[in-house]
Each structure stands twice: as C-alpha cells, then as structure tokens.
Amino acid sequence: LFHVNILVCFDLIFSKIMGLKVVYTVHDVLSNLEKNKSSSRLTNFVLSKADSLITHNEFSKKQMLSIFSELNNDISVIPHGNYLPFISDAKSKKFSRKHLGISDDKKIILFFGMIKKIKGLEFLLESLPKVISSHPDLVLLIAGKSWEDDFSFYQSIINRNKMQQHCIIVNKYIPSNEVSNYFGASDLLVLPYTRISQSGVLLMAMSYSLPVLSSDLEPFTELIKDNKTGFIFKNQDVNSLANKLISIFNNPSLLKYTSKNAMNLIKKEFNWDRIGFLVQSVYKYIEKKN
C-alpha cells in the first residue's frame with residue numbers, strides 16, 4: 001500500500017503542476033492504514049491536497065474526518081451503485097439448488113465472500129444450534145475463501161455443535177459465473193460483520209432480490225431499516241442473531257416484503273444514472289472553484 005501511495009503522491013504533484021483538478025473516491029481506508037503508519041501519514045497528505053473527495057456513505061465521511069486531521073476538503077457522499085446492470089444470469093431457486101446439489105425442502109441462509117475475522121462468521125455459527133432447534137430444516141451455505149487464517153477455527157465450532165449436516169462449506173474463491181447460483185439458491189443473506197466501511201455483498205444481495213440480515217453497524221443501518229428493507233441484529237450478540245433468525249423464519253412473508261422494499265430502494269437511490277449525475281455535479285463544482 002505504501003508503494004501505491006507513493007505513485008499516487010507523484011501523480012497528485014504532477015497533476016497540480018499541470019494545473020489539473022484532483023478528485024479521489026475513497027473506499028475502505030481504515031483496514032489498510034492500521035497495518036502501515038507511514039502509509040497513514042502519506043494518505044493524509046495526499047487526501048488533504050485533493051480538490052474534492054467522494055465517499056460512499058455518511059459513516060465513511062465521519063471516519064475520514066476522524067482519522068485524517070488535516071482534511072478541510074469538500075467531501076461528497078455518493079453511494080456505490082447497484083448491481084442490476086451486471087446481473088444477466090440470475091437463476092431460479094430451483095435451478096440454482098439443483099446446480100449446487102441442495103434439496104428444495106431446506107431453508108438456506110448464505111454467508112458469502114472472503115472469510116475474514118472482521119466478518120464475524122463465528123457469531124453466526126454459534127447462533128445456529130438455537131435456530132436449528134426451532135427450524136431443523138435450516139442449512140448454512142458458506143461460500144468464500146479464507147483470508148489470513150484457515151477455516152479450522154470455524155470448523156471446530158461446527159464440529160463442537162455437531163452441525164455438519166446443517167452446513168455446506170465451499171471454502172474457495174467463487175468465480176463470477178457461479179455467483180448467481182449461490183444468491184439464487186438462498187432464502188436469506190446474513191452479514192454478521194463486526195466492522196465494515198461499506199459492503200458490496202449487501203448491494204449485490206439486494207440486486208438479486210435476496211433479503212438481508214446484518215449486524216447493527218452504521219454502514220448497514222444507513223440502508224437497512226429493520227423489518228422494512230431488511231433485518232438487523234445487535235452486533236456480536238449471538239442470542240440477538242439467533243432470535244432474529246427464528247423470528248424471520250417464523251414469518252416467511254417478511255422475506256418477500258423486505259426484498260421488495262429493498263429492490264425499490266436500490267432502484268431509486270442506487271441507480272447509476274443518479275450516481276452519474278451526482279458525480280458530474282461534483283466535477284462541475286470544482287471546475288468553478290479558484
């Protein structure tokens with residue numbers, strides 16, 4: 001990351017010498033900066049010299065202002081767009097389950113994406129015994145490659161709770177041409193993350209009309225209103241997560257209701273025409289600045 005920032009720094013200086021305006025779109029800065037203090041100082045310098053900054057949610061804006069003390073730039077909040085234009089291969093639930101070898105009579109909850117410690121998979125696994133006692137047809141589909149630590153930590157939770165028959169583990173990178181099958185086969189996506197700046201998986205699930213249950217982190221609650229556009233549980237609280245899962249599957253009509261509302265939300269607020277207009281407005285504004 002430090003070497004990347006050196007290149008960005010040179011690019012910034014060259015752009016300023018040439019009289020060009022500079023706009024940076026800032027994604028997940030915190031996770032990288034925690035590993036490299038020199039990178040933090042350099043990033044602080046680079047961002048403070050930009051003419052304008054864009055983040056994807058209010059949480060990220062507040063996060064940036066708290067981390068980078070020298071920032072006095074204009075910071076615009078422009079959401080990341082939905083995935084609707086890129087979904088051309090959505091499959092039916094029946095097709096997807098047959099493709100993945102999953103029975104039609106199961107309730108499938110999905111954990112999708114690279115498996116990192118901050119994504120809280122252990123809390124989801126620890127919640128399952130209580131949920132399974134109420135819904136013995138429940139199956140957790142874990143699809144994603146382990147990152148940094150291996151899967152043995154999570155496997156030990158599964159083994160200790162004798163949940164092997166309630167877990168389908170695909171511990172590998174999921175190629176893009178297979179993604180639709182995992183979303184299509186599932187009834188609910190669970191995001192038990194303990195920390196996040198933004199989530200592409202959340203927007204992807206909404207784009208696939210898959211209902212979402214997430215922890216109550218601010219980046220999630222900016223999009224998800226409990227029992228309206230999705231479901232929320234208390235961060236790192238196993239009982240809260242278990243009780244919410246039981247409640248959801250006790251009232252399956254809520255899945256369709258929240259899915260419909262979430263789709264309406266991302267079509268209206270996260271469509272690319274609107275985002276293009278907002279980005280264009282930022283560029284027009286800095287053009288007029290001295």
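**Loop residues, helix packing and overall dimensions**

Gln236 is placed in the loop between strand 9 (231-233) and helix 11, where helices (DSSP H or I, at least four residues) and strands (E, at least two) are runs numbered from the N terminus. The model is a predicted one, in which local features need pLDDT of at least 70 and side-chain atom pairs count only at pLDDT 80 or more, while totals for chains, interfaces and linings use all residues. Residues are numbered from 1 along each chain as its sequence is written, and side-chain values use heavy atoms, with hydrogens and water left out.

Phi of Gln236 is near 65°, a positive value in a residue other than glycine. Most residues other than glycine have a negative phi. With a relative accessibility of 43%, Gln236 counts as partly exposed; buried means under 20% relative accessible area, exposed over 50%, and partly exposed in between (1.4 Å probe, protein chains only). Lys162, also not a glycine, has a positive phi of about 50°. Lys162 is located in the loop between helix 7 and strand 6 and counts as exposed, at 68% relative accessibility.

The protein chain contains 13 helices and 9 strands. Its C-alpha atoms fill a box of roughly 65 × 35 × 30 Å along the principal axes. For 290 residues, a compact globule would have a radius of gyration near 19 Å, and the 21 Å of the protein chain agrees with this; the radius is taken over C-alpha atoms, and the globule rule is 2.2 Å times the number of residues to the power 0.38. Of the 290 residues, 47% are buried. Contact means heavy atoms within 4.5 Å. Among contacts between residues at least 6 apart in sequence, 70% join residues at least 24 apart.

Axes are lines fitted to C-alpha atoms, for helices over the stretch in contact, and angles run from 0 to 180 degrees between N-to-C directions. Angles under 35 degrees count as roughly parallel, over 145 as roughly antiparallel, 65 to 115 as roughly perpendicular and the rest as oblique.

The axes of helix 6 (residues 121-134) and helix 7 (residues 152-160) come within 10 Å and cross at roughly 5°, so the two helices are roughly parallel to each other. On the helix 6 side, Leu121, Glu122, Leu125 and Glu126 meet Phe153, Tyr154, Ile157, Ile158 and Arg160 of helix 7. This contact has 6 nonpolar, no polar and 3 charged residues; Ala, Val, Leu, Ile, Met, Phe, Trp, Tyr, Cys and Pro count as nonpolar, Asp, Glu, Lys and Arg as charged, and the others, Gly among them, as polar.

Helix 5 (residues 93-100) packs on helix 8 (residues 176-185) at an angle of about 115°, with the axes 8 Å apart. These two helices are therefore roughly perpendicular to each other. Their crossing is left-handed, that is, the near helix is turned anticlockwise from the far one by less than a right angle (right-handed if clockwise). Helix 5 contributes Lys93, Phe95, Ser96, Arg97, His99 and Leu100 to the contact, and helix 8 contributes Glu178, Ser180, Asn181, Tyr182, Gly184 and Ala185. By class, the contact of helix 5 with helix 8 divides into 4 nonpolar, 5 polar and 3 charged residues.

For helix 9 (residues 200-207) and helix 12 (residues 253-269), the axes come within 9 Å and cross at roughly 110°. Helix 9 and helix 12 are thus roughly perpendicular to each other, and their crossing is left-handed. Leu203, Met206 and Ser207 of helix 9 make the contact with Ala262, Met263 and Ile266 of helix 12. The residues of this contact comprise 5 nonpolar, 1 polar and no charged.

Lys130, in helix 6, counts as partly exposed at 37% relative accessibility. Residues up to four places away in sequence not counted, Lys130 touches Asn239, Ala242, Asn243 and Ile246. Lys130 and Ser76 are 54 residues apart in sequence, and their C-alpha atoms are 43 Å apart in space.

Lys244 belongs to helix 11 (residues 238-250) and, at 13% relative accessibility, counts as buried. Beyond its neighbours within four places in sequence, Lys244 is in contact with Leu213, Asp226, Asn227, Phe231, Ile232 and Phe233.

His166 is in the loop between helix 7 and strand 6 (167-170) and counts as buried at 17% relative accessibility. Leaving out neighbours within four places in sequence, the contacts of His166 are Ile132, Pro136, Leu138, Val139 and Leu140. His166 and Ile132 are 34 residues apart in sequence, with a C-alpha to C-alpha distance of 8.3 Å.
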